[in-house]
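Thanks for making the time, everyone.

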Amino acid sequence: MRQAILTTMLGAALFSTCVLSAQAAEIASLRGESSLDAPANAIEKTEQKKVEGGFDRAWDLQPPSIPHDIEKDRITLTENTCMKCHSKDNFEKENAPEIGESHYIARDGSELDKPSSRRHFCSQCHTPQADIAPLVGNSF
Ligand code: HEC
Ligand code: HEC
């Protein structure tokens with residue numbers, strides 16, 4: 001009996017997965033048809049917008065956009081090559097801006113000596129920008 005229930009549950013799970021992926025394949029958006037379960041296309045290297053002096057911010061506490069190449073940078077659990085230039089120890093000799101003050105604040109609001117682990121994955125907030133025509137107009 002137990003076996004039968006398990007088999008039925010497995011069947012139902014498989015069935016819903018098939019239905020979901022069939023639906024995903026049919027989704028068409030302004031970007032054209034793309035399947036929801038496929039990874040997003042990376043932007044073309046030539047399309048990345050690089051701005052001398054950095055991008056203007058839309059509001060004070062906006063994470064600034066990245067104005068340079070990050071192709072060779074790696075952010076993993078044990079490594080973060082962004083900090084070769086942006087850390088407290090290296091920013092001066094690399095002539096780069098130091099990571100923001102907010103990066104030294106812990107979850108409970110206390111100040112830290114080292115950057116907070118909440119800020120380890122830089123690209124969670126900082127992104128490069130592509131020089132492409134917007135799909136939808138925006139006056140923000
Ligand atoms: C080889 C050194 C170097 C590395 C590695 C590097 N950066 Fe930078 N970064 C710079 C320099 C120099 C600037 C200033 C560029 C400018 O203003 O023209 C900058 C600017 C920035 C800015 C804009 C700051 C602002 O106030 O506008 C951000 C955000 C940034 N980098 C994030 C990153 C992230 C995230 C990584 C890793 C994926 C990274 N950087 C890796 C040197 C580096
Ligand atoms: C959770 C979001 C978040 C993460 C993760 C994050 N940042 Fe930021 N970053 C911000 C915000 C918000 C600001 C603007 C406020 C500030 O300056 O603290 C900022 C500012 C900066 C600046 C500009 C500082 C200045 O004074 O002009 C640099 C450079 C920077 N971040 C680099 C990095 C790097 C390198 C990492 C990864 C080690 C990183 N950030 C991770 C949100 C983030």
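Let me start with confidence: among the elements of the chain, helix H1, residues 2-25, has the lowest mean pLDDT, at 51, while H2 has the highest, at 98. Here pLDDT is the predictor's confidence in each residue, on a scale from 0 to 100, and for the chain its mean is 83, with 81% of the residues reaching 70 or more. This is a predicted model, in which local features need pLDDT of at least 70 and side-chain atom pairs count only at pLDDT 80 or more, whereas totals for chains, interfaces and linings use all residues. As for labels, residues are numbered from 1 along each chain as its sequence is written, and chains are lettered from A and ligands numbered from 1 in the order in which they are written.

Next, the overall layout. The secondary structure comes to three helices and four strands, where helices (H or I, at least four residues) and strands (E, at least two) are DSSP runs numbered from the N terminus. Read along the sequence, these elements follow the pattern α-β-β-β-α-α-β. Of the contacts in the chain with a separation of 6 or more, 41% are made by residues 24 or more positions apart, and a contact here means that two C-beta atoms, placed from the backbone, lie within 7 Å.

How much of the chain is buried? Buried residues make up 3% of the 140 residues, given that a residue is called buried if 20 or more other C-beta atoms lie within 10 Å of its own, exposed if 12 or fewer, and partly exposed in between, again with C-beta atoms placed from the backbone.

Turning to the ligands, 21 residues surround ligand 1, and the closest are Gly54, Pro64, Cys82, Cys85 and Cys122; the criterion is that the C-beta atom, placed from the backbone, lies within 6 Å of the molecule. Helix H2, residues 83-86, gives the most to this shell, with three residues. By class, the shell around ligand 1 holds nine nonpolar, eight polar and four charged residues, where Ala, Val, Leu, Ile, Met, Phe, Trp, Tyr, Cys and Pro count as nonpolar, Asp, Glu, Lys and Arg as charged, and the others, Gly among them, as polar. Around ligand 2 there are 20 residues, of which Pro63, Gly100, Ser102, Cys122 and Cys125 come nearest, and that shell has 10 nonpolar, eight polar and two charged residues.

Leaving aside residues up to four places away in sequence, Pro63 touches Cys125 and His126, and the C-alpha atoms of Pro63 and Cys125, 62 residues apart along the chain, are separated by 6.1 Å.

Asn95 counts as exposed because it has 7 C-beta neighbours inside 10 Å.

Finally, Ile132 belongs to the segment after S4 and is exposed, since 10 other C-beta atoms lie within 10 Å. Ile132 and Lys49 are 83 residues apart in sequence, with 8.9 Å between their C-alpha atoms.
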